[in-house]
Amino acid sequence: MTTTLATPVRIGKASVGALGMLALASGALESVVQPTLPLLQCELDMGPTGGALLSILLPITGALVTPLAGRFGDRYGGKRVLVRLMIVVCVGGMVSALAPGLPVLLAGQVLQGAMVGALPLSFIVVRKHLPAGKSKVAIGVVSGLFVGGGMLGTLLAGPVAEQLSRHWMFALPTIAVIVATLLVNRLVPADSADRSDDAGVDWPGLVLLSGVLITLMLVLNLAPDLASQPLLLCGLIVLLAALVAGWIAVERRAASPMIDLRLLARPMMWKSSVLTFTICVGTSMAIFLVTQLWSASGDGYGFGAGATEIGLFLLPSTVVATLAGPLGGTWERRSGARSVATAGVVLMSVALIAMAVVHSEAWYLVVGKALVALANGLVVTAMTTGIATSVAATETGVATSLILVTRVLGMASGGMLGGVLLAAGTPAGSDVAAESSYTTGFVIAGVVTALALFVTRTMHKGVKA
C-alpha cells in the first residue's frame, strides 16, 4: 500500500537552513578523530592496531547505515527516519564524549557512524518539497555545509583537545547536532511515504558488505605493517575478493537488495560513482600529505607546525569547501554535471601537480589545499545533485546513498594510500619521511584525479549526469 501526500508542503529557507545546520554539525562531529588520532593513541595507550580500528569504525558504520537509511527514507519518509537516526548519533556523540577508555569510545564511534545516513535523508526531504531547480541548489547547500563541517571539525579538533580535553572535542559538536536535530524536527514538514516496496532488510547482504568493508579498511590501514608479512597480506586480499564475489551474488538474488546493482549499473550512476571516488581519493591524499608536510621538520623542507597552526592553515579550505556546495549546485543546474565535473577534475589535478613542484612555502600549500577543497566541493555536489534530481523520487535516498558510500571509500582509500607512501619513503632509523615521498604522493594523486577525465568526456553535455 502506498501512502502519499496530495500536495507536498513547500519548504522555505528556515527549513533548508535547519537541514544545513544539521549537515554542518554532523560533518564536524564526523571529522574530529583523524586529526587527533596521535593524541588519542597517547592518552588511551593504543597501539597501531587500536588506532587503525578507531579510525575505520565510523566510516564502516556510515557505509553500512547509509544505504539502509536511504531505502527506509524512501519507504517511510525522509524526516521521520532522519530524526530517529540523529537521536542515535546524539547518543553516540555523548558516549564518545564521556568515554573513560577505548572500548567505550569505540562503541560511541559505531553509533556516531549513523550520521552519514543523514545526507540522503535530507535530500529526500528537499526533493519532495521543492521543484527540481530549487532542490538542486538546496542539495548543494546541504552538501557544501557537510563538507565545510568536516573541514571545521578538522580545524578545531586539535586546539579543543589540547586546550580543553579530548572529551570536549566530541561534546561540542554533539551539542550542535542536538540543537540542529530539534530545529529540523520543529521546522521541517513531514514528507510522504511510499510503502510499495515493503520487503524486509537484506541481512545477508548487510553481513557480507560489513565483511567487505572491514577487510578493505584493515588492508588499507595495516598495509605498511603487513608489507613484511606478504602471506598475511595476500590472504586478506583473497578473503576480500571472496567476500566481494559472495556479496554480488547475494545482491543479485535479493528481493530488496541493500544496494541495487541494477541501479548502480545505470550509466549516470556508475559514472557519478567513479568520479566521486576518484576525486575523493585525490582530496584525501592532499589532506594527508599537506598536513604531514606542515608538521614535518625535515632537512630543508617541512614547517614544524603544531595542531593550532595547522588549523589556521586549513581555515581558507574550510571557507572554500562550505561555499563550493551551493556554487556546485547552481552551476550544475545551469550547465549540467559534465561542465562542473570537468572543471573540478582539471582544477584539482593542476593544484596537486603544482604542490608537487612547489612546496617550499607554507602559503603555497594553503592555496593548493584551498583549490583542492573547491574542486572536491564542486564535483561531489554536482554528482550528488545530478543523481538526486535525475532518478525517480522513490529512488532518491538509495541513489544518493550510493554516492555517499563511494565518497567514504574514496576518502578512506586516499588517506591510507598517502600513509603507505610516506611510510615507504621514511629512511631506516628516522621518523621523518623523505621530501621525495611527498612529491611522489602529490604526483600520484594528480594523475589519479586526471584519469577521471576519461569518464567526464563520456557524460552528457546537458543538465543530466
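Modeller: Let us begin with Ser 135, which counts as buried because its relative accessibility is 0%. Please keep in mind that this is a predicted model.

Biologist: Where is the place of Ser 135?

Modeller: Ser 135 sits in helix H7, which covers residues 132-163.

Biologist: Let us change topic. How many salt bridges does the structure hold?

Modeller: The structure holds two salt bridges. In general, side chains of opposite charge can pair when their charged atoms come close.

Biologist: Which side chain does Arg 407 meet in a salt bridge?

Modeller: Arg 407 pairs with Glu 30, at 4.0 Å from N to O. Arg 407 belongs to helix H16 (residues 396-424) and Glu 30 to helix H1, so this pair ties together parts that are 377 residues apart in sequence.

Biologist: Are Arg 407 and Glu 30 buried or exposed?

Modeller: Both Arg 407 and Glu 30 are buried.

Biologist: What about Arg 166, with which residue does it form a salt bridge?

Modeller: Arg 166 forms a salt bridge with Glu 43, and the closest N and O atoms are 3.2 Å apart. This pair also links distant parts of the chain, since Arg 166 is in helix H8 and Glu 43 in helix H2, 123 residues apart.

Biologist: Is Arg 166 buried or exposed?

Modeller: Arg 166 is buried, because its relative accessible area is 6% and the cut-off for buried is under 20%. Glu 43, at 45% relative accessibility, counts as partly exposed.

Biologist: Which residues does helix H2 cover?

Modeller: Helix H2 covers residues 37-43, and Glu 43 is found there. Glu 43 and Leu 102 are 59 residues apart in sequence, but 9.7 Å apart in space, C-alpha to C-alpha.

Biologist: Now the surface, please. Which residues form the nonpolar patch?

Modeller: The patch is formed by Met 21, Leu 164, Trp 168, Leu 172, Ile 175, Val 179, Leu 183 and Leu 187. Together these residues have about 660 Å² of accessible area.

Biologist: Which helix gives the largest share of the nonpolar patch?

Modeller: The largest share, six residues, comes from helix H8, which covers residues 166-187.

Biologist: And where does Met 21 lie?

Modeller: Met 21 lies in helix H1, residues 13-30. Met 21 is partly exposed, with a relative accessible area of 32%.

Biologist: Let us stay with helix H1. How does Ala 14 count in terms of relative accessibility?

Modeller: Ala 14, which is found in helix H1, counts as partly exposed at 49% relative accessibility. Ala 14 and Val 184 are 170 residues apart in sequence and 9.3 Å apart in space, C-alpha to C-alpha.

Biologist: What about Gly 17?

Modeller: Gly 17 also has its place in helix H1, and counts as partly exposed at 38% relative accessibility. The C-alpha atoms of Gly 17 and Val 141 are separated by 8.7 Å, although the two residues are 124 residues apart along the chain.

Biologist: On to pairs of helices. How does one describe such a pair?

Modeller: Two packed helices are described by the angle between their axes and the distance between the axes.

Biologist: At what angle do the axes of H4 and H8 cross?

Modeller: The axes of helix H4 (residues 78-98) and H8 cross at roughly 160° and come within 8 Å. H4 and H8 are therefore roughly antiparallel to each other, and H4 passes H8 in a left-handed crossing.

Biologist: And how do the axes of H4 and H5 cross?

Modeller: The axes of H4 and helix H5 (residues 102-112) come within 7 Å, with a crossing angle of roughly 160°. H4 is thus roughly antiparallel to H5. The crossing of H4 past H5 is left-handed.

Notes. Residues numbered from 1 in each chain as written. Predicted model: local features only at pLDDT ≥ 70, side-chain atom pairs only at ≥ 80, totals over all residues. Heavy atoms only, no water. Patch = residues over 30% accessible without salt bridge, like charges linked within 9 Å, V, L, I, M, F, W, Y side chains within 5 Å. Areas by Shrake-Rupley, 256 points an atom, 1.4 Å probe, with all protein chains shown as cover. Helix = DSSP H or I, 4+ residues; strand = E, 2+ residues; numbered from the N terminus. Buried < 20%, exposed > 50% of the residue type's maximum accessible area, 1.4 Å probe, protein only. Axes fitted to C-alpha atoms, helices over the stretch in contact; angles between N-to-C directions. Parallel < 35°, antiparallel > 145°, perpendicular 65-115°, else oblique. Left-handed = near helix turned anticlockwise from the far one by under 90°.
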